[in-house]
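Subject: Structure handover

Hello,

Here is the structure you asked for. My notes on it follow below.

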Amino acid sequence: MSRVALEYEVKVPITNEEEVRRNIIKAGGKLVEKRYEVDYYIDMRTCSNVPRDTVVRVRKVVLSSGEELGELTFKGKRMHEDVKAREEISVRVSDPDKVVDMFLKLGFKVLKIEKEREVYVVGTDIKVCIDRVAGLGKFIEVEVMNPPSKEYFMSKLSEVLEKLSLQGRSIIVKSYLEMLLGGEG
């Protein structure tokens, strides 16, 4: 068995993405890639043995080079109320559209989220994404994989928000899917 990966993340709504982009660069952030993502969430609520708040997602990524990638991800139940922290297991898939078709043929409802994303790395372990999400607007997502503690993540989050001049903004722990569904999990 591989080591469990824990993802800690939050979202913050933004209005001026150009200013945020400049502040990320000023804070030492490096652009990793620009990409278009289509996330297909498999509605597991009809499966009585699947714990509520777990997620199965198929992601199709189109890089700025035109290359297409795919990923199948399981996200476990949230561990905290004030930050989205959960176990994450991901595997690459060569044809995400066929994976989605398989779930559809099994009778699952599939919900779709589309976004344009710029991925930046700030420091050694912080990922900051600028997201333009269809139907929702613009956000940054701050993520740390496998932080030593929740307090460590919250400290890093506070530093990043200050460097980006976003301190005091509302922090969102819901997924984009929950936001589009109006709070449903």
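The chain has a radius of gyration of 16 Å, which agrees with the value near 16 Å that a compact globule of 185 residues would have; the radius is taken over C-alpha atoms, and the globule rule is 2.2 Å times the number of residues to the power 0.38. Along the principal axes, the C-alpha atoms fill a box of roughly 50 × 35 × 35 Å.

On provenance: this is a predicted model, in which local features need pLDDT of at least 70 and side-chain atom pairs count only at pLDDT 80 or more, while totals for chains, interfaces and linings use all residues. Residues are numbered from 1 along each chain as its sequence is written, and side-chain values use heavy atoms, with hydrogens and water left out.

Overall composition. The chain has four helices and eight strands, in the sequence order β-α-β-β-β-β-α-β-β-β-α-α. Both kinds of element are DSSP runs numbered from the N terminus (helices: H or I, at least four residues; strands: E, at least two). Of the 185 residues, 43% are buried, meaning under 20% relative accessible area with a 1.4 Å probe and protein chains only; exposed means over 50%, and partly exposed lies in between. Of the contacts between residues at least 6 apart in sequence, 62% join residues at least 24 apart, where contact means heavy atoms within 4.5 Å.

Strand pairing. Strand 8 (residues 137–145) pairs with two others, where pairing requires at least two DSSP bridges between the strands. Strand 1 (residues 5–13) runs antiparallel to strand 8 and is joined to it by seven bridges; in strand 8, Phe139 stands opposite Pro13. Strand 7 (residues 126–133) is also antiparallel to strand 8, again over seven bridges. The hairpin of strand 7 and strand 8 has three residues between the strands, and Gly135 there takes a positive phi near 85°.

Is Glu143 buried or exposed? Glu143 is buried, because its relative accessible area is 9%. Lys127 stands opposite Glu143. Lys127 is also among the contacts of Glu143 beyond four places in sequence, along with Glu7, Tyr8, Glu9, Asp125, Ile126 and Phe153.

Regards
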